[in-house]
Amino acid sequence: MNRLIRPFDGASVYRTKGIDIACKVSKTFDKEVTIALSKFRRLDYGETSFEDKLVNDDALLHYDRVIATYETVQGRIWIVAESEDGMQYTSITVLFPSEY
């Protein structure tokens, strides 16, 4: 599969402690996080600004950090993809902006 079409295949997904706790408390929030991750993997950056979406699209070409924003019942969450080696994305982290 072409990495530019599905660049996040193979990346490990992590949730911060705050996200993990909130998911355990709210099934609705847990479902929203799952949906946001699915959108992110399809390169749908949610409520990310147009300018930041362009930055993300460019970042994909170089395996630079990609950051997306999604609104949930618990407020805004971020999803961040990173590459350790510049050859493929190795991690995706879901977090609240306050945990950055």
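These legends describe several views of one predicted protein model.

**About the model.** The model is predicted, so local features need pLDDT of at least 70 and side-chain atom pairs count only at pLDDT 80 or more, while totals for chains, interfaces and linings use all residues. Residues are numbered from 1 along each chain as its sequence is written, and side-chain values use heavy atoms, with hydrogens and water left out.

**View 1. The whole fold.** The protein has 3 helices and 4 strands. Helices (H or I, at least four residues) and strands (E, at least two) are DSSP runs, numbered from the N terminus. Read from the N terminus, the order is β-α-α-α-β-β-β. The C-alpha atoms fill a box of roughly 35 × 25 × 25 Å, taken along the principal axes. How does the radius of gyration agree with that of a compact globule? The protein has 13 Å, and a compact globule of 100 residues would have a value near 13 Å. This radius is taken over C-alpha atoms, and the globule rule is 2.2 Å times the number of residues to the power 0.38.

View 2. Of the 100 residues, 37% count as buried. Buried means under 20% relative accessible area, exposed means over 50%, and partly exposed lies in between (1.4 Å probe, protein chains only). There are 13 positive and 16 negative charges, and their mean positions are 8 Å apart. Lys and Arg count as positive, Asp and Glu as negative; His and the chain ends are not counted. Each charge is placed at NZ of Lys, CZ of Arg, CG of Asp or CD of Glu. Among contacts with a separation of 6 or more, 52% join residues 24 or more positions apart. A contact means heavy atoms within 4.5 Å.

**View 3. The largest nonpolar core.** This core has 24 residues. Inside it, F40, V66 and I77 have the most contacts. The elements that give two or more residues to it are α1 (17-25), α2 (27-41), α3 (50-62), β2 (66-72), β3 (75-82) and β4 (91-95). Helix α2 gives the most, with 5 residues. A nonpolar core is a set of buried Ala, Val, Leu, Ile, Met, Phe, Trp, Tyr and Cys residues joined through side-chain atoms within 4.5 Å. In soluble globular proteins, nonpolar side chains tend to be buried together.

**View 4. V66 and its partners.** Which residues are in contact with V66, leaving aside its neighbours within four places in sequence? They are F8, F40, Y45, N56, A59, L60, I79, V80, A81 and Y89.

**View 5. T69 in strand β2.** T69 sits in strand β2. Its relative accessible area is 12%, so T69 is buried. Beyond its neighbours within four places in sequence, T69 is in contact with Y45, G46, E47, T48, R76, I77 and W78.

View 6. S26 is in the loop between α1 and α2. Is S26 buried or exposed? S26 is buried, because its relative accessible area is 13%. Leaving aside neighbours within four places in sequence, S26 is in contact with V73 and Q74. T28 belongs to helix α2, and at 47% relative accessibility T28 is partly exposed. T28 and V73 are 45 residues apart in sequence, with their C-alpha atoms 7.6 Å apart in space.

**View 7. Two residues with positive phi.** Most residues other than glycine have a negative phi. L43 has a positive phi, near 70°. L43 lies in the loop between α2 and α3 and is partly exposed, at 25% relative accessible area. Y63 has a positive phi too, near 55°. Y63 lies in the loop between α3 and β2 and counts as buried, at 15% relative accessibility.

**View 8. Distances from two helices.** T34 is in helix α2 and is partly exposed, at 49% relative accessibility. T34 and L61 are 27 residues apart along the chain, and 25 Å separates their C-alpha atoms. D20 is in helix α1 and is partly exposed, with a relative accessible area of 23%. D20 and V80 are 60 residues apart in sequence and 16 Å apart in space, C-alpha to C-alpha.
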